[in-house]
Amino acid sequence: MTETTQKEFNEILEIDKEAFEFNYNKSQMKNALDYFDRFIIKDKGKIIAFVLYKPEKDKMFIRRLAVKKEFRRNSYAQKLVNQIIEKAKKMKLKKVYAFNRVSNLKGIGFFKKMDFKITNEIAKYFSNDEAAYIVEKNL
Ligand SMILES: CC(C)(COP(=O)(O)OP(=O)(O)OC[C@H]1O[C@@H](n2cnc3c(N)ncnc32)[C@H](O)[C@@H]1OP(=O)(O)O)[C@@H](O)C(=O)NCCC(=O)NCCS
């Protein structure tokens, strides 16, 4: 786990709120930050993008990825996911993968651009019963 200051915690929570319809509350975010590793990008001292991830056996799992709205389409998400790919390669993992809501066209468009493939669809994966696409990239 990486140390999180209260300021960083609030900045991540704010981005999450803006980025996701089903956003994390404070306690869910605290648990997520305790459990997952992360990469962040800052602008003028404030977090503008973050990704949470965790190695699981021979795969790297991307849990959450978000960029502050006004900073989107500047390749920040690409930078974060490339950092994860590099880390996964160094650890000699075989894949990087994530779950994406089937309705999340931005997320799907992004992962496709990053050369991830949709390999499966899991019905009722999310809490509102929405299905998930598994998107994955072989390393
Ligand atoms: C998805 C998200 C993380 C992308 O962040 P970003 O920093 O804007 O993405 P990048 O600038 O690195 O985009 C890289 C490429 O991905 C694709 N892409 C990015 N946003 C896209 C969108 N809204 N629609 C379609 N394709 C998109 C494009 O091909 C883009 O390259 P281009 O700008 O040269 O066309 C951001 O839109 C976001 O935070 N969305 C809300 C949260 C979310 O859906 N997270 C992903 C699922 S966990």
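Mentor: Residues are numbered from 1 along each chain as its sequence is written. Since the model is predicted, local features need pLDDT of at least 70, side-chain atom pairs count only at pLDDT 80 or more, and totals for chains, interfaces and linings use all residues.

Trainee: Why is D16 called buried?

Mentor: Count the neighbours. Buried requires 20 or more other C-beta atoms within 10 Å of the residue's own; exposed means 12 or fewer, partly exposed is in between, and C-beta atoms are placed from the backbone. D16 has 20 other C-beta atoms within 10 Å, so D16 is buried.

Trainee: Which residues is D16 in contact with, leaving aside its neighbours within four places in sequence?

Mentor: N23, Y24, M29 and A66. Contact means that the two C-beta atoms, placed from the backbone, lie within 7 Å. D16 itself lies in helix α1 (residues 6–19). Helices are DSSP runs of H or I with at least four residues, strands are runs of E with at least two, and both are numbered from the N terminus.

Trainee: What puts the buried residues of α4 on the same side?

Mentor: In α4 (residues 105–113), the buried ones are G107, F110 and F111. They cover an arc of only 95° around the axis, so they share one side of α4. That arc is taken from the directions from the helix axis to the C-beta atoms. L105, G109, K112 and K113, on the other side, are exposed.

Trainee: What covers the buried residues of α4?

Mentor: The cover includes α3 (76–90), β4 (95–101) and β6 (132–138).

Trainee: What makes β1 and β5 edge strands?

Mentor: The open sheet has six strands in the order β1-β2-β3-β4-β6-β5, with mixed pairing. β1 (37–43) and β5 (117–122) each pair on one side only, and that makes them the edges. Pairing takes at least two DSSP bridges between two strands.

Trainee: How do you know that β3 and β4 pair?

Mentor: Strand β3 (residues 59–67) and β4 have four bridges, in the parallel sense. The definition asks for at least two, so they pair.
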